[in-house]
Amino acid sequence: MTTYLAPEAYLPHRAPMCLIDRVMDVSEDAVRVETDTDPEGRRAPLMEAGALAPEYLIEMMAQAIGCWSGYWREAEGETSTEEDIANIGLLLSVRQSKLLVSSVPLGTTLSITMEKQIQDGRLAGFAGYVTAGDERLAEAKVTVYQPLESELQQLFG
């Protein structure tokens with residue numbers, strides 16, 4: 001059984017914006033993470049009227065992909081031959097997204113599963129979903145890009 005690091009080891013995010021609590025499984029083509037919706041927990045500052053807006057589920061899917069990328073970067077010590085790959089990823093698009101609830105249930109554990117559909121160098125497309133128990137809360141196709149440090153410098157100066 002593989003032991004995974006805390007999500008913050010794979011992501012640049014910190015509380016309250018690190019929306020993932022645990023990395024459960026990473027394979028070459030998929031990732032599964034979990035997070036708890038405890039109203040007193042790390043996401044409490046993001047909740048309004050005691051609920052978490054379902055739009056955060058899209059960010060959870062993106063962060064799951066970030067955990068996948070960070071895990072492989074860490075495991076393989078991956079670097080680009082032309083220059084260093086940045087330690088962050090960019091969310092390029094979200095397609096066919098469906099938010100199937102009006103608010104995220106509190107006091108439950110959410111499971112986020114993302115499966116790689118295609119990868120071309122530093123560009124990848126994933127499809128996945130968020131569940132609470134047997135209930136599907138959201139689904140989407142997400143495209144991400146792993147920039148080089150020089151590309152980030154061009155974008156952000």
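These notes cover the sheet, the helix packed on it and some backbone details of a predicted model.

1. Basis. Residues are numbered from 1 along each chain as its sequence is written, and side-chain values use heavy atoms, with hydrogens and water left out. The model is predicted: local features need pLDDT of at least 70, side-chain atom pairs count only at pLDDT 80 or more, and totals for chains, interfaces and linings use all residues.

2. Sheet. Six strands make up an open sheet with antiparallel pairing, in the order S1-S2-S4-S5-S6-S3. Strands are DSSP runs of E with at least two residues, helices are runs of H or I with at least four, and both are numbered from the N terminus; two strands pair if DSSP finds at least two bridges between them. S1 (22-26) and S3 are the edge strands, each pairing on one side only. On average, neighbouring strands of this sheet are turned by 20° against each other, direction ignored. Axes here are lines fitted to C-alpha atoms, for helices over the stretch in contact, and angles run from 0 to 180 degrees between N-to-C directions.

3. Helix on the sheet. H2 packs on the sheet and touches S1, S2 (30-36), S3, S4 (109-120), S5 and S6, where contact means heavy atoms within 4.5 Å. The direction of H2 makes about 60° with that of S4.

4. Helix geometry. H2 (residues 56-76) has 21 residues and reaches 30 Å from its first C-alpha to its last, close to the 30 Å expected at 1.5 Å a residue; the expected span is 1.5 Å times one less than the number of residues. Gly-77 follows H2 and has a positive phi, near 55°.

5. S5 and S6. 10 bridges join S5 (residues 123-132) to S6, and the two run antiparallel. Leu-123 stands opposite Tyr-145 in S6. The two strands form a hairpin with two residues between them, and Gly-133 in the turn has a positive phi of about 65°.

6. S3 and S6. Seven bridges join S3 (residues 90-99) to S6 (residues 135-145), again in antiparallel fashion. Leu-91 stands opposite Val-144 in S6, and Leu-99 has Ala-138 as its bridge partner there.

7. Gln-96. This residue lies in S3 and has a positive phi, near 50°, although it is not a glycine. Gln-96 counts as exposed because its relative accessibility is 58%; exposed means over 50% relative accessible area, buried under 20% and partly exposed in between (1.4 Å probe, protein chains only).

8. Cis peptide. The bond from Ala-15 to Pro-16 is cis, with omega near 5°. Pro-16 is in the loop between H1 (7-10) and S1.
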